Amino acid sequence: INGALSAFVKEMKSQTLWNDVAVVFVSEFGRTLKANTGNGSDHAWGGNYFMASGDLNGGQIFGEYPDDLTSSGDQIVESVGIVIPSTPWEALWNGVAEWLGVHSNNDLATVMPNRDTFEGMLWSGVDLFDSAVPVTQSPTISNEPSVAASANPSSVPSEVPSSLPSLLPSLAPLLTTTSSEVPSSTPSLTPSLTPSLAPSPAPSETPSLAPSLAPTTAYATAVCGGATNK
């Protein structure tokens, strides 16, 4: 382990990356204090971890070492020497996760699902690393849509006139302007005072069945033109 760790640290320093790297040494499980019949140790609970990093706030010992390692000790279970941990697994990884930039409660809970169980026993990134940023607040991001309405809805209608012009053109001026172009359906009762000097044209042998489209076309043009110009 010494040779492998020394070579790794040397390489990281040569690449100026050692301050951005943290190495955490853990055991896959704790071990009993007493040997078993095969002169080995059985699985247990408590164990020791250590860390190394160029950014580590080193020289510290966290947790509580048992005062009594015998079977009479408060942290020792059974005669084989199972040690009850004084520090949760999540305490160490909470500080590492914050140093890596994981700050919200949602994200930290994803990294450590049992984190909330040990609230008040967790180490922060500042506890472990020199350059860690203090996490002043860890907002919880809800996945539920907000359905709360405004607590003080306004019941007074606005009396300020709109500053935007109406986009719907008024048809009244167009109808007034173009009404003279539409032939009246009521015949005039006033006789003409000026006699016509032009001879009357010969009547057509074939009466026209199609009404004149000129007045209708002029009227439609005036309305459409007014709407377009508006």
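Start with helix H2: nine of its 11 residues are buried, so the helix is mostly covered. Buried means under 20% relative accessible area, exposed over 50%, and partly exposed in between, with a 1.4 Å probe and protein chains only. Helices (H or I, at least four residues) and strands (E, at least two) are DSSP runs, numbered from the N terminus.

This is a predicted model: local features need pLDDT of at least 70, side-chain atom pairs count only at pLDDT 80 or more, and totals for chains, interfaces and linings use all residues. Residues are numbered from 1 along each chain as its sequence is written, and side-chain values use heavy atoms, leaving out hydrogens and water.

**Stop 1: helix H2**

Select residues 89–99, which form H2. Its buried residues are Glu90, Ala91, Leu92, Asn94, Gly95, Val96, Ala97, Glu98 and Trp99. Now show what covers them: strand E1 (22–25), E4, helix H3 (105–111) and H4 are included. Contact here means heavy atoms within 4.5 Å. Step just past the helix to Gly101, where phi is positive, about 105°.

**Stop 2: the nonpolar cores**

Select Met51, Ala91, Leu92, Val96, Trp99, Trp123, Leu128, Phe129 and Ala132. These nine residues make up the largest nonpolar core. H2 gives the largest share of this core, four residues. Such a core is a set of buried Ala, Val, Leu, Ile, Met, Phe, Trp, Tyr and Cys residues joined through side-chain atoms within 4.5 Å. In soluble globular proteins, nonpolar side chains tend to be buried together.

Centre on Trp123. Leaving aside residues up to four places away in sequence, Trp123 touches Phe62, Gly63, Thr87, Ala91, Leu92, Asn94, Gly95 and Leu128.

**Stop 3: Ser53**

Select Ser53, in strand E4. Its relative accessibility is 12%, so Ser53 counts as buried. Beyond four places in sequence, Ser53 touches Trp18, Val21, Ala22, Trp99 and Phe129.

**Stop 4: the largest pocket**

Turn to Gly47, Asn48, Tyr49, Phe62 and Thr87. Of the 40 residues lining the largest pocket, these lie nearest its centre. The pocket holds about 1200 Å³ of space. Its lining has 23 nonpolar, 13 polar and four charged residues. Strand E2 (30–31), strand E4 (50–53), H2 and helix H4 (125–128) each supply at least two lining residues. H2 provides the largest share, three residues.

On a 1 Å grid over the protein atoms alone, a pocket is an open set of points where a 1.4 Å probe fits, with protein on both sides within 12 Å along at least five of seven lines; lining residues have an atom within 4 Å of a point.

**Stop 5: the salt bridge**

How many salt bridges does the structure hold? There is one. Select Asp116 and Arg115, whose side chains meet at 4.0 Å, N to O. A salt bridge needs a side-chain nitrogen of Lys or Arg within 4 Å of a carboxyl oxygen of Asp or Glu. Asp116 is exposed at 58% relative accessibility, whereas Arg115 is buried at 11%.

**Stop 6: two loops**

Most residues other than glycine have a negative phi. Go to Thr16, in the loop between helix H1 (2–14) and E1. Its phi is positive, about 55°. Thr16 is exposed, at 65% relative accessibility.

Finish at Glu78, between strand E5 (76–77) and strand E6 (82–83). Here phi is again positive, near 65°. Glu78 is exposed, with 53% relative accessible area.

Note on methods:
Grid points are joined across faces, edges and corners, and a volume is the space filled by probe spheres set on the points. Ala, Val, Leu, Ile, Met, Phe, Trp, Tyr, Cys and Pro count as nonpolar, Asp, Glu, Lys and Arg as charged, and the others, Gly among them, as polar.
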